[in-house]
Amino acid sequence: MTPKRRLLQIPPGTEAFFLEEAFRHRRILAKIDKIFTGWGYLPAETPVFDFYDIYQPLLGESGTGKAYRLMDRDGDLLLLRSDVTLFLAKQLGMALTAEDLPVRVWYADSILRHQQSNDISKNEFYQVGAELVGVPGTAGDGEILLMVAEILSFLKVDAVLHIGSAAIVHKAAEGLNEEDKEEFFKAVALRDRKTMEGLLTETDASRKEVLLDLFAFIGSPEEFRNYMASLKGKINQDYLELLNHLQELTELLDCCSAASSIRIDFSETGSQAYHTGIVFQAYLEGIDSAFISGGRYDKLLENFGFESPSVGFSLLLRKIEPLIGDAGRFALPGKSENAEGKSLKEKYQDAVSKRESGRIVHL
């Protein structure tokens, strides 16, 4: 017999929410749905689990450690959905043709992953996100970043959006073996100058120093523009093109309300191992890690048979909901009332009439 204690428990890290809290969640999601629809993004659904071996090379060391796995009845190892983008990439890779591009999709679903090694209380998350497939360069990156800025404006939170470039880190790590490359990415993320210096393959001492200073940079768009001016003649053309791309994006974001909360941060290397271009994360005081993550991943879909430039982002919605500004926007529209009438039929007719004006009526 199942002990009563277990009947009254749920596994650590799982989440359930009810009534007014669930209503508020649905209202917030409906507004985000409206934003995505306005940008021309259509909804997508992905499986809850898939074969683990397909995704294992794409997860990286960090992603593999966070993933939940299980055996099916035939003994195959399965991966529980830990990142919707990966599962969606497979679905799109199998279905898309060049004639379909560009494709704009959005999703909202639960994911399971072991987020923090020292915290077993958070394993289930509600991930909302969007993916833009088939639009390279500034046009694609800019669209996604502007949509992120619009969602941050809707959330009314005092967040800071950090933008970096996985492409620059990949460029600096050229020539390293896979183990050293992974170590280099970690060093950049941790601003570990000593380790970076030991791993950098750039032989010219002055150029190496410029790269080390670059990976230490964090500043506002204005500070970044001044920093860019100081790099003239000190950095090679490949890096300069990538940096100019970032500057172009920051100037594009000047038109949105989130511009004052943007930081160019070259310690941002990407939240996922498959990122290849720009990367970004949004942080907020009171939350232990980024609640928005995204970037460009031009090589991901080719793993599933379809090569196409892609960029996207995800938002851990439940993580941010308690901190959303002007929470009254998502409250119940009013107190419920009882229908009037002598019979159930009369009460029903009265309720129908009152509900037409948005009132909440019980029989």
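## Helices, sheets and a buried arginine

The buried residues of H7 pack against helix H6 (166-172), helix H8 (193-199) and helix H9 (205-215). Packing here means contact, that is, heavy atoms within 4.5 Å. Helices (H or I, at least four residues) and strands (E, at least two) are DSSP runs, numbered from the N terminus.

Before you start: this is a predicted model, so local features need pLDDT of at least 70 and side-chain atom pairs count only at pLDDT 80 or more, while totals for chains, interfaces and linings use all residues. Residues are numbered from 1 along each chain as its sequence is written, and side-chain values use heavy atoms, with hydrogens and water left out.

**Exercise 1.** Work out which residues of H7 are buried and where they sit around the helix.

*Step 1.* Check the span. Helix H7 covers residues 178-190, and its end C-alpha atoms are 18 Å apart, which agrees with the 18 Å that 13 residues should span. (The expected span is 1.5 Å times one less than the number of residues.)

*Step 2.* Pick out the buried residues (under 20% relative accessible area; exposed is over 50%, partly exposed in between, with a 1.4 Å probe and protein chains only). In H7 they're Phe 184, Phe 185, Ala 187 and Val 188.

*Step 3.* Look down the axis of H7: those residues fall within an arc of 160°, so they line one face of the helix. The arc is taken from the directions from the helix axis to the C-beta atoms. Over on the other side of H7, you'll find Glu 178, Glu 179 and Leu 190 exposed.

*Step 4.* Inspect the ends. Asn 177 caps the N-terminal end, with a side-chain oxygen 3.2 Å from the backbone nitrogen of Glu 179. After H7 comes Arg 191, with a positive phi near 55°.

**Exercise 2.** Now do H2: which residues are buried, and what do they pack against?

*Step 1.* H2 (residues 19-38) reaches 29 Å between its first and last C-alpha, close to the expected 28 Å.

*Step 2.* Its buried residues are Ala 22, Arg 24, His 25, Ile 28, Leu 29, Ile 32, Ile 35 and Phe 36. They share one side of H2 because their arc around the axis is only 155°. Here's the handy rule: an α-helix has 3.6 residues a turn, so residues three or four places apart point the same way.

*Step 3.* Their packing partners include strand E5 (103-112), strand E6 (124-133) and helix H5 (137-155). The face turned away carries exposed residues, among them Arg 26 and Lys 34.

**Exercise 3.** Find the strand order in the 3-strand open sheet, and say which strands are at its edges.

*Step 1.* The order is E2-E4-E3, with antiparallel pairing. (Two strands pair if DSSP finds at least two bridges between them.)

*Step 2.* E2 (49-51) and E3 (69-71) are the edges: each has a single partner strand, so one side of each lacks a neighbour in the sheet.

*Step 3.* E2 and E4 (residues 77-80) pair over 3 bridges, and Asp 50 stands opposite Leu 79 in E4.

**Exercise 4.** Decide whether Arg 81 is buried or exposed, and name the residue its side chain joins in a polar contact.

*Step 1.* Arg 81 is in the loop between E4 and helix H4 (84-95).

*Step 2.* Its relative accessible area is 6%, so Arg 81 is buried.

*Step 3.* The partner is Asp 109, at 3.1 Å. A polar contact is a pair of N or O atoms within 3.5 Å; within protein, one must be able to donate a hydrogen and the other to accept it, and residues adjacent in sequence count only if both atoms are side-chain atoms.
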